[in-house]
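Hi everyone, thanks for coming.

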Amino acid sequence: QVQLVESGGGLVQPGGSLRLSCAASGFTLNDYTIGWFRQTPGKEREGVSCISSSDGRTYYADSVKGRFTISRDNAKNTVYLQMNSLKPEDTAVYYCAAPRFRDYYCSPYVPPVDYLMDYWGKGTLVTVSS
C-alpha cells in the first residue's frame, strides 16, 4: 500500500526556516518524481516544487525560488523541502504527492500538475506569523 506522510510543519516567525519531510512506504521514492504542493482556504492548490527521479532536476515556483530547496535521501526513502526566509504568504497546508507512472518528469520550467498525481499525503500546516 502506497503511503506518503508529511511532517515538519509548524508556527514560525517571518524570516525563519522549516524543513518539511515526505516519507514514503509501499514504494521507492527515488523511482518517481515527487511534488510539493500547498493550499490555503479559498485558493487553488499551487505546485511549489518537484524533483525528478531520473536526473534529479528540480522545479520551483517563482514565489519560492531562492528560498526553498527540494532534496532526496534515498536511504531514508524521504524527500525534503527546506524552506528559508519564510513569509506570511507562505502560510498554507503543504502536501507531497507522487504520480502513478514513473515516466512523469519534473521539468525545471513547468510546475507539477496536481491532477497527474495519484498519491497524496494528508498535509502538514505551515503558519508564518509574528
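Predicted model: local features only at pLDDT ≥ 70, side-chain atom pairs only at ≥ 80, totals over all residues.

Okay, the overall fold. How many helices and how many strands does the protein chain have? It has zero helices and eleven strands. If you walk from the N terminus and call out each element, you just say β again and again: β-β-β-β-β-β-β-β-β-β-β.

Now the size. The C-alpha trace spans about 40 × 30 × 30 Å along its principal axes. For 130 residues, a compact globule would have a radius of gyration near 14 Å, and the protein chain has 13 Å, so the two agree.

What about the inside and the outside? Of the 130 residues, 44% are buried.

One more number for the whole chain. Take the contacts between residues at least 6 apart in sequence: 61% of them join residues at least 24 apart. Hold on to that idea of sequence distance, as we'll need it for the next part.

On to the disulfides. A quick reminder for anyone new: a disulfide is a covalent bond between the sulfur atoms of two cysteines. How many does a search of the whole structure find? It finds two.

Let's look at Cys22 and Cys96. Their sulfur atoms are 2.1 Å apart, and they form a disulfide. This pair links distant parts of the chain, with Cys22 in strand β3 and Cys96 in strand β9, 74 residues apart. Left-handed or right-handed, this disulfide of Cys22 and Cys96? The torsion about the S-S bond is about 75°, so the disulfide is right-handed. Are these cysteines buried or exposed? The cut-off for buried is under 20% relative accessible area. Cys22 comes in at 0%, so it counts as buried. Cys96 also has 0% relative accessibility, so Cys96 is buried as well.

Now the other pair, Cys50 and Cys106. Here too the two cysteines form a disulfide, with sulfur atoms 2.1 Å apart. The link is right-handed, with 80° about the S-S bond. Where do the partners sit? Cys50 is in strand β5, while Cys106 is in the loop between β9 and β10, and the pair links distant parts of the chain, 56 residues apart. Cys50 has a relative accessible area of 1%, so Cys50 is buried. Cys106 has 1% too, and so Cys106 is buried.

If you number the bonded cysteines in sequence order, which pairing do you get? You get 1-3, 2-4.

Let's move to some single residues. Phe37 is in strand β4, which covers residues 34-39. Phe37 is buried, because its relative accessible area is 1%.

For a contrast, find Gln13, in the loop between β2 and β3. Buried or exposed? Exposed means over 50%, and Gln13 has a relative accessible area of 54%, so Gln13 is exposed. What does Gln13 touch? Leaving out residues up to four places away in sequence, Gln13 touches Val128 and Ser129. Tyr95 is 82 residues from Gln13 along the chain, and their C-alpha atoms are separated by 21 Å.

Last stop: backbone angles. Asn77 has a phi near 55°, a positive value in a residue other than glycine. You'll find Asn77 in the loop between β7 and β8, and with a relative accessible area of 17% it falls under the cut-off, so Asn77 is buried. Ser85 has a positive phi as well, about 50°, although it is not a glycine. Ser85 is in the loop between β8 and β9. Its relative accessibility is 42%, so Ser85 counts as partly exposed.

How values were computed:
Residues numbered from 1 in each chain as written. Heavy atoms only, no water. Helix = DSSP H or I, 4+ residues; strand = E, 2+ residues; numbered from the N terminus. Buried < 20%, exposed > 50% of the residue type's maximum accessible area, 1.4 Å probe, protein only. Contact = heavy atoms within 4.5 Å. Rg over C-alpha atoms; globule rule 2.2 N^0.38 Å. Disulfide = S-S within 2.5 Å.
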